[in-house]
Amino acid sequence: MNKIQVLDITTVNKIAAGEVVERPASAVKEMAENAIDAGATKITVEIKNGGISLIRVTDNGCGIRAEEVKTAFLPHATSKIREISDLENLFTMGFRGEALASIAAVSKVELITKRKEDTLGTALSLEAGEVISESEAGCPDGTTIVVKDLFFNTPARMHFMKKDSAEAAHVTEVVQRLALGYPNISFRLINNGRETLLTPGTGDLKDVLPVIYGNELASKMVRVDCEKDGVKVFGYISKPEFSRNNRTMQNFFVNGRWVKSKEIQYSAEAGYKTMLMTGKHPVLVLSVEIPPMMTDVNVHPQKMEIKFSDEKPVTSTVFWGVQNALLAEPIAREVKSAEIKSTFKSESKPFNVIKPKESFEQIFKKEEQTFDFFSQESEALFTPSKESEETSFFDDNLSEGELESYIISTPHEEKEEFDYKVIGQLFDTYILIEHDNELLLLDQHAAHERIRYEEMIRDRQIFGQVLMMPEIINLSATDGEMVLEHKETFEKLGFGIDAFGQGKYAVRQMPDDISEDSVENTVISILELIKQNKNPEDIMDKAFFMIACKGAIKANHSMTKMELQGLVKQVIENEKIRTCPHGRPLMISFSKKYIEKEFKRIV
Ligand code: ADP
Ligand code: MG
């Protein structure tokens, strides 16, 4: 063994640098965070060759006092805390005082800085942590740090660098995260002389989203804003129809710091509940603000994992924030004219453009066959449409009486905030509803399936119906064994099943709406779920999905007017119902404006 001796400061710094500065992106992160701590409103990051040959970070922050410039590069030199108790109230990104020292130890650094109150600034250059020169300099307010030839003196680290483009991508990610976390700061990124990112710094996160995610996705995001139990959650999240196959577009911030957090991720995705198809993930930009005391900021700066002293208030505020934001969205997805045109393209004759008069005569003729309930209705159900005056679309061609019978009002015990009229059934599959200058098309199967599912998860069980005559089903020995073993699960799902001898089982009770000839299949499907899922909650959830679907009204099924109204009422009154359990849209809408445009009534 060699003699034991204390390492010299340069070696200590080089080792420390390995922890703080892993790659160009980590140096960028540290320097940009320093600029944020310095109160900058504009931060420009410039890189060449992925940041290996050059990183330049320019800010318009408070600058560094001339006498302190050299000190800033000493290990453990910080202006942000004085003693350990300061950590409990920390609002800055940095506090360890090791970033500048570490970066300088493994590169060639040039710094110019000036405070607003000073007339002259300071220029300092270092190489491998050693000061080469220091002088007064005329320069703008703020700080510019240039880092050249990163890792020039640590070839082992250099060896780990990826292609320039990969390193540049890491830098971009860092800048994007900071830009999302600090909408009040204008960030600019220049890569090999080309500007690749510029945020306006308006303070409104909504203005940052298009820069990071593009206009289309940004326009499909909804605002989250929730405060509960001392926790504030705000941000933007994608609507359920715009989901992704992975979570790379999820960004979480706690007190401005970008963090990885399974707690936030799970509770946010739980807020979407049944609105997303399995394997799909929302785009999330969520900022959580909590008293600094409730987090442990002392975790390693590169790990970015957050620890909450009590995660309950955080997860619950995130969950409710997300859920409320989604529920506040309009009930139906609006169909834009472009989408309609593209749908119609596939068919040779999309519209038969007939003169209104003829068209209505035809509609009414057809109605007599298809919408048979119109003729059976009692007078009381037909109330004059208050919109009939303004529905100029009809007025020349349709008498008031005709119009009244065309649009049926719903019974008046409805919650009046959602005033609507059930018009009828289309293709025996969709329910037409007039609501607030919109024509809504509700998918009857998806809607009924969803209603059933909501009832099931509310009760966490299905109330089966006792059969007059038991249904006898055949099961293999192992399956039969399993049915008896999981008798309780089956009972919660509405099934009462007993052994009947010789591979036969008697189903004495089962969920209503399940047809008798699909009982055997349903039981086998439930057994599959039991085999595939360990968690009883998962089994129940999936079984609820399946039974809700099996028992729901199918497409191509003619319904009476009362049935249509009953179904629509249940959808409208339950604000949770937005999508069917599998995440398909439940309703689409055509605005009156769109229809009038198509008929060239308005331009
Ligand atoms: P920390 O950020 O943990 O305090 P750093 O090594 O990153 O440690 O920075 C050391 C000190 O240098 C900071 O505490 C701050 O006072 C000063 N400093 C660094 N960068 C800037 C900047 N861009 N503007 C003003 N002051 C800065
Ligand atoms: Mg710092």
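Is D428 buried, partly exposed or exposed? I found D428 partly exposed, at 25% relative accessibility. My cut-offs: buried means under 20% relative accessible area, exposed means over 50%, and partly exposed lies in between, with a 1.4 Å probe and protein chains only.

**Ground rules**

I am working with a predicted model, in which local features need pLDDT of at least 70, side-chain atom pairs count only at pLDDT 80 or more, and totals for chains, interfaces and linings use all residues. Residues are numbered from 1 along each chain as its sequence is written, chains are lettered from A and ligands numbered from 1 in the order in which they are written, and side-chain values use heavy atoms, with hydrogens and water left out.

I stayed with D428. It sits in the loop between β16 (421-426) and β17 (430-435). Helices (H or I, at least four residues) and strands (E, at least two) are DSSP runs, numbered from the N terminus. D428 is not a glycine, yet its phi is positive, about 55°.

I then looked at N556. Its phi is also positive, near 55°, in a residue other than glycine. N556 lies in the loop between α19 (536-551) and α20 (561-573). N556 counts as exposed, because its relative accessibility is 63%.

**Entry: the whole protein**

I checked the overall figures next. The protein has 603 residues, and 47% of them are buried. I listed 21 helices and 22 strands. The protein exposes about 31,700 Å², of which carbon and sulfur atoms supply 52%. Accessible areas come from the Shrake-Rupley method with a 1.4 Å probe; for residues, only the protein chains shown count as cover.

I also looked at contacts, meaning heavy atoms within 4.5 Å. Among those with a separation of 6 or more, 69% join residues 24 or more positions apart.

**Entry: confidence**

How high is the mean pLDDT of the protein? I noted 80, with 82% of the residues at 70 or more. pLDDT is the predictor's confidence in each residue, from 0 to 100.

**Entry: ligand 1**

Which residues come nearest to ligand 1? I counted 19 residues around it, and N34, T78, S79, K80 and G97 come nearest. A residue is near if one of its heavy atoms lies within 4 Å. The shell divides into 8 nonpolar, 7 polar and 4 charged residues. Here Ala, Val, Leu, Ile, Met, Phe, Trp, Tyr, Cys and Pro count as nonpolar, Asp, Glu, Lys and Arg as charged, and the others, Gly among them, as polar.

An oxygen atom of ligand 1 is 2.8 Å from an N or O atom in the side chain of N34. An oxygen atom of ligand 1 is 2.9 Å from a polar backbone atom of L100. A nitrogen atom of ligand 1 is 3.4 Å from an N or O atom in the side chain of T143. The protein covers 92% of the 530 Å² of accessible area that ligand 1 has on its own. The elements that give two or more residues to the shell are α2 (24-37) and α3 (99-105).

**Entry: helix α8 and A268**

I moved to α8 (residues 262-272). Its buried residues are I264, Q265, S267, A268, E269, G271 and Y272. Their cover includes β10 (231-238), β11 (250-254), β13 (284-289) and α9 (312-327).

A268 is buried, with a relative accessible area of 0%. It touches L284, L286, V318 and V322, leaving out residues up to four places away in sequence. A268 and S316 are 48 residues apart in sequence, and 9.2 Å apart in space from C-alpha to C-alpha. Just after α8, K273 takes a positive phi of about 40°.

**Entry: I572**

Where does I572 lie? I found I572 in helix α20. I572 counts as buried, at 12% relative accessibility. I572 and D419 are 153 residues apart in sequence and 9.6 Å apart in space, C-alpha to C-alpha.

Definitions and conventions:
A polar contact is a pair of N or O atoms within 3.5 Å; within protein, one must be able to donate a hydrogen and the other to accept it, and residues adjacent in sequence count only if both atoms are side-chain atoms.
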